[in-house]
Structure formats: C-alpha cells, structure tokens
Amino acid sequence: MVMAQYCVTYDIRGNDPEDYRHLIDHLKSYPSWWHHLESTWLIKSEDTAKEVLRKCLRYVPHHMEILVIEVGTTWAGAGFEDEGCYNWLWKNLSSRVEKP
C-alpha cells in the first residue's frame, strides 16, 4: 500500500496541554511526521483518513474538535525560521511547491 500524507489538526480551546499528551505520543508513532504549528501535524500513513481519525480519537478528550485531511499535490509556506521545517516538507509532500 502507498503512504498518504495527512494533515491532522485539533482545537485546543484553552484546555490543559497535558490533555493532549497521549494524542501527541500517538502522532509521533507514525513513520514520518512534522509538527511545527501548535495544533497541526503532518503525518504519513498507509491508513485512510477515516482510519487515522479513528485511531486519534482513542487519545483525545471527548469535547475536542479534530480534523484529518489528505494532503494534495501542491503546498506553500512562509515564515519558518528553522530550515528543517522546510526540508521535511520538501522531502515528504510533493514535487510541486509554490514559493511565496
């Protein structure tokens, strides 16, 4: 099966960051992941978006909003001071990059 790229994002809404520790540990268990924005993760998985969501729901408070989207072929980003952020994106997302 081919690995797909997913964006997993959730709404913290003033909750204790410790509430998300198990979710964060779960997201770090994927073969490849990127996390530079507070509540947004990019992961690679052989699972479908629905399966990724189902697995994540095991680790989130019941009142939390969470969204999983399969990432497409084009991306653009700006403002990341850490070159490692861009390196992961260039390596793992797509060959078509729109520079700002």
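Rings of Phe, Tyr and Trp (for Trp the six-membered ring) are taken to pair if their centres lie within 6.5 Å, with planes under 30 degrees apart counted as stacked, over 60 as edge-to-face and the rest as tilted. The model is predicted, so local features need pLDDT of at least 70 and side-chain atom pairs count only at pLDDT 80 or more, while totals for chains, interfaces and linings use all residues. Residues are numbered from 1 along each chain as its sequence is written, and side-chain values use heavy atoms, with hydrogens and water left out.

The mean pLDDT (the predictor's confidence in each residue, from 0 to 100) is 84 for the protein, and 89% of its residues reach 70 or more.

By the ring rule, the count comes to five aromatic pairs. One of them is stacked, formed by Tyr10 and Tyr20 at 5.4 Å centre to centre with 15° between the planes. Tyr10 counts as buried (under 20% relative accessible area, with exposed over 50%, partly exposed in between, and a 1.4 Å probe on protein chains only) because its relative accessibility is 5%, and Tyr20 is likewise buried at 2%. Phe80 and Tyr86 form an edge-to-face pair, 5.4 Å centre to centre and 70° between the planes; Phe80 is buried at 17%, and so is Tyr86 at 13%. Trp34, Phe80, Tyr86 and Trp90 form one aromatic cluster.

Asp47 is also buried, at 16% relative accessibility. Beyond its neighbours within four places in sequence, Asp47 is in contact (heavy atoms within 4.5 Å) with Tyr6, Tyr30, Val52 and Lys55.
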